[in-house]
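Welcome, and please open your viewer. We will walk through one model together, a selection at a time.

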Amino acid sequence: MPAPRKYPDELRERAVREVRSTGRPVAHVARELGIHKEALRSWVRQADAGERDDRLTSAERDELKELRKENAELRRANEILKAASVFFAQEIDRPRTRSSR
């Protein structure tokens, strides 16, 4: 269950609308409305991402993060497999010595 929101949705919408319509700095609007400036900045970015095509949505950012993590893991696995194949190729190419009995 997600944590309860500290600020109501109406306040979030009003604050974002205020930043956009007045062009005032986020910090000034946040101070005026009693909101933390970084919270308001985040809300404005989220609202912009929904309207702009050049920014990723939260879901896309999460997916990209997971894909990058998976990609790094696969690269590590490939390096291990390459090293193992070199090792075993050397074992095969090495001449066998006969043990004396």
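Read along the sequence, which pattern does the protein chain follow? The pattern is α-α-α-α. That comes to four helices and zero strands, where helices (H or I, at least four residues) and strands (E, at least two) are DSSP runs numbered from the N terminus.

Some ground rules before we select anything. This is a predicted model, in which local features need pLDDT of at least 70 and side-chain atom pairs count only at pLDDT 80 or more, while totals for chains, interfaces and linings use all residues. Residues are numbered from 1 along each chain as its sequence is written, and side-chain values use heavy atoms, with hydrogens and water left out.

**Colour by confidence.** The protein chain has a mean of 86, and 85% of its residues reach 70 or more. Confidence is highest in helix H4 (residues 58–93), at a mean of 93, and lowest in helix H3 (residues 37–51), at 84.

**Colour by burial.** Buried means under 20% relative accessible area, exposed over 50%, and partly exposed in between (1.4 Å probe, protein chains only). Of the 101 residues in the protein chain, 18% count as buried.

**Select residues 9–22 and 26–33.** These are helices H1 and H2. Two packed helices are described by the angle between their axes and the distance between the axes. Here the axes come within 10 Å and cross at roughly 140 degrees; axes are lines fitted to C-alpha atoms, for helices over the stretch in contact, and angles run from 0 to 180 degrees between N-to-C directions. H1 and H2 are therefore oblique to each other (under 35 degrees counts as roughly parallel, over 145 as roughly antiparallel, 65 to 115 as roughly perpendicular and the rest as oblique).

Now show the side chains. Arg-14, Ala-15, Glu-18 and Val-19 in H1 meet Val-26, Val-29, Glu-32 and Leu-33 in H2, contact meaning heavy atoms within 4.5 Å. The residues of this contact between H1 and H2 divide into five nonpolar, no polar and three charged (Ala, Val, Leu, Ile, Met, Phe, Trp, Tyr, Cys and Pro count as nonpolar, Asp, Glu, Lys and Arg as charged, and the others, Gly among them, as polar).

**Zoom in on Glu-18.** Leaving aside neighbours within four places in sequence, Glu-18 is in contact with Gly-23, Arg-24, Val-29 and Glu-32.

**Move to Val-44.** You will find Val-44 in helix H3, and at 11% relative accessibility it counts as buried. Not counting residues up to four places away in sequence, Val-44 touches Val-16 and Val-19.

**Finish at Glu-13.** Glu-13 is found in H1 and is exposed, with a relative accessible area of 51%. From Glu-13 to Val-44 the C-alpha to C-alpha distance is 9.3 Å, across 31 residues in sequence.

Notes
pLDDT is the predictor's confidence in each residue, from 0 to 100.
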